[in-house]
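Here is a short report on the structure shown below. Keep the view open while reading and find each residue as it comes up.

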There are 2 protein chains.
Amino acid sequence: MLTQKVTAKDVAKLAGVSQSSVSRVYFEGASVSQKTREKVLEAAKELGYRPNEFARSLITNRTKIIGLVMKGVQNPFYPEVLKQFTSEFKKIGYSILFVHTNNDEIQKDDIDILLNYHVAAVIITDATLSLNAMEEFKDNKIPVVLFNRKIEKSSFYSVCCNNLNASEAIGEFLIAEGCSTLAYIAGNANTSTSIEREKGFTTILKKHHIQLEKYSSDYTYKGGYDIANEIIAKKHLPDGFFVANDIMALGVLDALRENNISIPFDTKVVGFDNIEMAAWPTYNLTTWEQPIDKMIAETMAYLIKEIEHYTGFAKNIEIDGKLIVRKTT
Amino acid sequence: MLTQKVTAKDVAKLAGVSQSSVSRVYFEGASVSQKTREKVLEAAKELGYRPNEFARSLITNRTKIIGLVMKGVQNPFYPEVLKQFTSEFKKIGYSILFVHTNNDEIQKDDIDILLNYHVAAVIITDATLSLNAMEEFKDNKIPVVLFNRKIEKSSFYSVCCNNLNASEAIGEFLIAEGCSTLAYIAGNANTSTSIEREKGFTTILKKHHIQLEKYSSDYTYKGGYDIANEIIAKKHLPDGFFVANDIMALGVLDALRENNISIPFDTKVVGFDNIEMAAWPTYNLTTWEQPIDKMIAETMAYLIKEIEHYTGFAKNIEIDGKLIVRKTT
DNA sequence: CTGAAAGCGCTTACAG
DNA sequence: CTGAAAGCGCTTACAG
């Protein structure tokens, strides 16, 4: 094993062809005769040749890197999404540059990373982007998708579960189950998911002349646990809870249980996401399943098309999920 | 906003200096006068200049990318590790290329990704590497650390919690708590963590003339849940369980609870990792806290030194964690 | 299909 | 400290 400094030139010499031919073998779409291809491949194998990605990117001005920005790694929903995007993109030769943000809106330093590496595309899983930042990506012809978050502006492409339909269905379901007082426990106030889930739920309650009790929380287990304890302390328990995501719902469930409140008899709980833990026997949480596979497929289809030929086309895509009934209702 | 194609040459022209001077301003360590630096910076700002990372890497043959390989995204321990590495490396200008593997030993396709991108270093969080693959990294002078996994070969640098001490302490603790029959629930059989935890635990049991009941599982919630159900079915319950990681321990706890086995009275359970969920009131799991912060700091210190000046120096680093006593003992 | 040559945007000796 | 020039390892017109 030589100290790995084999270039196309070396391969060319050994194969007895020009450096351009070597390049063509590794560049899909270029035309090379079967014979040269074989010679090159053989020589390359012997020398341990590996095309230099940077030289490549320098010329083509494009990379095989997807920037994936994530905030909430504590919510198991997102690591799962990360894993699936990574495997799916790997199949078509793309790698993932992982960016972690602490803010709901991505900041300049993270945007710079994405721009410096000329990523082929960016996926933002649970954060948003300022209009200015979006402009920068547009200028660089880098397609962006907001995954599980949306912005009511025509300049963003987003892929979400259909939150409105979902929360309406959840409302109807809880009412059909006999609830006549209902509470909504919201996630972070400025997130599109929490807002839409509240909206759909409210619509249905209004239709049935039920007033919504609304509580604010933050999409974390502890947030759900704490707010449930506050509600319990008030000695006034609604017939049912719609909790904006599963991880909060687990906190709610634990708080209720600690206070010997029997579920689904004393009150009912519905979550959102269908994370793995929702199915654990301790929780057995009724929840709304996000169609992750379809959401990922949709995201990738768009991105691949845009990488091929950038248009900047924007749209809010919403995909239907489904209710998973377990033992908390 | 122009269509972002500003090069050092453009900046040079506007600033009235040579392209080399522009380059020097952005290359730390190069000497430039205060005056040219200012002129360049001003021109760069006006044009929105951004040094091209690829051109850079092409020459220096090094990148600011760290390859991070991860297997078990389902175990919350690892997403947390990913997040912390990402934030810490970001502070010193490095980004994370995320690689997901399905295998306990990293395969060729993933290694190729790391090599193709000439990552500055690689971290493998819960998988291992063949000796051959390690050689490839060595040839390319890419430092590698095994995080939370180790191999008894002198060629790997690894950073782990001190699993032997930990499991001995857990053994002593359970015995002091009055257990006279004890079981160990192992994780994936070929992992260093599971092997060492068993070893330390066994040592202590032997010392106290207690025979180990050993059960095999796979480091997942379901694995823990299933094996616990099997044990319960045998109508023979040990006084205490040491479960090789927390996520399995949660499964064990749920199975015991479903069978109305009262903890810590009928039996006791100790986990390992101290993941966030271990502290949830439903579980309140006694466990061993892995010193993540220290493990990460140690990993980074080594990697930074090796990136600066590669030696290939290898060692198994073990850092002490501590017992967190909660309500399952 | 193939080769010679230009050039992507930088860094880095080499002079001055 | 600074500029002119070579060169990193590729892709891609341009001829043939």
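## A tyrosine in a loop

A:Tyr219 is buried, with a relative accessible area of 13%. The model is a predicted one. A:Tyr219 sits in the loop of chain A between strand S7 (212-216) and helix H10 (221-233). Its phi is near 65°, a positive value in a residue other than glycine.

## Other backbone features

A:Lys141 also belongs to a loop, the one between helix H7 (131-139) and S4 of chain A. Phi of A:Lys141 is near 55°. That is a positive value, and the residue is not glycine. A:Lys141 counts as exposed, at 54% relative accessibility.

Where are the cis peptide bonds? In chain A, one runs from A:Ile263 to A:Pro264. Its omega is near 5°. A:Pro264 lies in the loop between helix H11 (246-258) and strand S9 (268-270) of chain A. In chain B, a cis peptide bond joins B:Ile263 and B:Pro264, with omega about 5°. B:Pro264 is in the loop between helix H11 (246-258) and strand S9 (268-270) of chain B.

## A buried lysine

A:Lys150 is placed in the loop between strand S4 (144-147) and strand S5 (157-161) of chain A. Is this lysine buried or exposed? A:Lys150 is buried, because its relative accessible area is 13%, under the 20% limit.

What does A:Lys150 touch, beyond its neighbours within four places in sequence? The contacts are A:Ser158, A:Cys160, A:Ser192, A:Glu196, A:Asn316 and A:Glu318. The side chain of A:Glu196 makes a polar contact with the side chain of A:Lys150 at 2.9 Å. The side chain of A:Glu318 makes a polar contact with the side chain of A:Lys150 at 2.7 Å. A:Cys160 is ten residues from A:Lys150 in sequence. In space, their C-alpha atoms are 7.4 Å apart.

## Two protein chains

How do chain A and chain B relate? A rotation of 180°, with 0.1 Å of shift along its axis, superposes chain A on chain B. The RMSD is 0.1 Å. That is the relation of a two-fold axis. The same surface serves both copies, as 100% of the contact residues of chain A recur in chain B.

In the interface, 54 residues of chain A are in contact with 54 residues of chain B. The two chains bury about 5,100 Å² between them. Carbon and sulfur atoms give 60% of that area. On the chain A side, A:Arg50, A:Phe54 and A:Tyr117 lose the most area to chain B. Together they account for 15% of what that side buries.

A:Ser57 is buried, with a relative accessible area of 6%. Not counting residues up to four places away in sequence, A:Ser57 touches A:Arg62, A:Thr63 and B:Phe54.

## DNA strand C

How many residues surround DNA strand C? There are 27, and the closest are A:Ser21, A:Arg24, A:Ser31, B:Ser23 and B:Ile59. Sugar and phosphate make up 61% of the atoms of DNA strand C that come within 4 Å of the protein.

One is 2.9 Å from an N or O atom in the side chain of A:Ser18. Another pair has a polar side-chain atom of A:Ser31 lying 2.5 Å from a phosphate oxygen. By class, the surface near DNA strand C has eleven nonpolar, eleven polar and five charged residues.

## DNA strand D

DNA strand D has 28 residues around it. A:Ser23, A:Ile59, B:Ser21, B:Arg24 and B:Ser31 come nearest.

For A:Arg56 the distance is 2.8 Å. For B:Ser18 it is 2.9 Å, and for B:Thr36 it is 2.8 Å. H4(A) gives the most to the surface near DNA strand D, with five residues. That surface has eleven nonpolar, twelve polar and five charged residues.

Conventions
Residues numbered from 1 in each chain as written. Chains lettered and ligands numbered in written order. Predicted model: local features only at pLDDT ≥ 70, side-chain atom pairs only at ≥ 80, totals over all residues. Heavy atoms only, no water. Least-squares fit on C-alpha atoms with pLDDT ≥ 70 in both. Contact = heavy atoms within 4.5 Å. Near = heavy atom within 4 Å. Polar contact = N/O pair within 3.5 Å; in protein donor to acceptor, adjacent residues only side chain to side chain. Nonpolar A, V, L, I, M, F, W, Y, C, P; charged D, E, K, R; others polar. Helix = DSSP H or I, 4+ residues; strand = E, 2+ residues; numbered from the N terminus. Buried < 20%, exposed > 50% of the residue type's maximum accessible area, 1.4 Å probe, protein only. Buried area = accessible area lost by both parts, 1.4 Å probe.
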